[in-house]
Amino acid sequence: QVQLVESGGGLVQPGGSLRLSCAASGSISSINAVNAMGWYRQAPGKERELVAAITSGSTTNYADSVKGRFTISRDTAKSTVYLQMNSLKPEDTAVYYCYADVRYSDYVSVGSWGQGTQVTVSS
């Protein structure tokens with residue numbers, strides 16, 4: 001199995017920046033099977049939503065609400081994905097979760113979630 005450990009969350013003022021990191025660990029075969037990775041977030045009373053995703057081929061996708069402000073990147077050698085968050089707004093406040101799609105075959109795919117890290121944007 002793949003374990004995901006997030007770091008970098010915290011309290012920041014509006015307009016500030018944070019960089020989240022997510023390190024994947026596990027068996028070599030599992031790590032090699034990781035396809036896409038991404039970041040989700042969930043605010044109180046709201047659905048968990050996709051923030052950004054990146055494939056092993058470095059194709060990226062962003063939610064419209066964060067496009068132009070957030071940047072997702074991936075260091076495959078370190079099995080780590082990052083989320084650089086700039087120009088943070090109070091509405092960005094949420095628990096941010098790292099996600100990995102572990103694709104063992106065309107028909108077997110297992111999702112792995114991190115424990116979540118709190119991001120609070122407030123003055």
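Me: Which residues are linked with Arg41 and Glu49 in a network of salt bridges?
Reply: In this predicted model, local features need pLDDT of at least 70 and side-chain atom pairs count only at pLDDT 80 or more, while totals for chains, interfaces and linings use all residues. Residues are numbered from 1 along each chain as its sequence is written, and side-chain values use heavy atoms, with hydrogens and water left out. A salt bridge is taken as a side-chain nitrogen of Lys or Arg within 4 Å of a carboxyl oxygen of Asp or Glu. By that criterion, the residues linked in a network with Arg41 and Glu49 are Arg69 and Asp92.

Me: Is Arg41, which meets Glu49 in a salt bridge, buried or exposed?
Reply: The side chains of Glu49 and Arg41 come to 2.8 Å, N to O. Buried stands for under 20% relative accessible area, exposed for over 50%, and partly exposed for what lies in between, with a 1.4 Å probe and protein chains only. Glu49 has a relative accessible area of 34% and is therefore partly exposed, whereas Arg41, because its value is 6%, is buried.

Me: Which strands hold Cys22 and Cys98?
Reply: The link between Cys22 and Cys98 is left-handed, with -85° about the S-S bond, and both cysteines are buried. Strands here are DSSP runs of E of at least two residues, and helices runs of H or I of at least four, numbered from the N terminus. The cysteines are 76 residues apart and connect distant parts of the chain, Cys22 lying in β3 (residues 18–26) and Cys98 in β9.

Me: What is the phi of Ser58?
Reply: Most residues other than glycine have a negative phi. Ser58, in the loop between β5 (49–54) and β6 (60–62), is exposed because its relative accessibility is 53%. Although Ser58 is not a glycine, its phi is positive, at about 70°.

Definitions and conventions
Disulfide = S-S within 2.5 Å.
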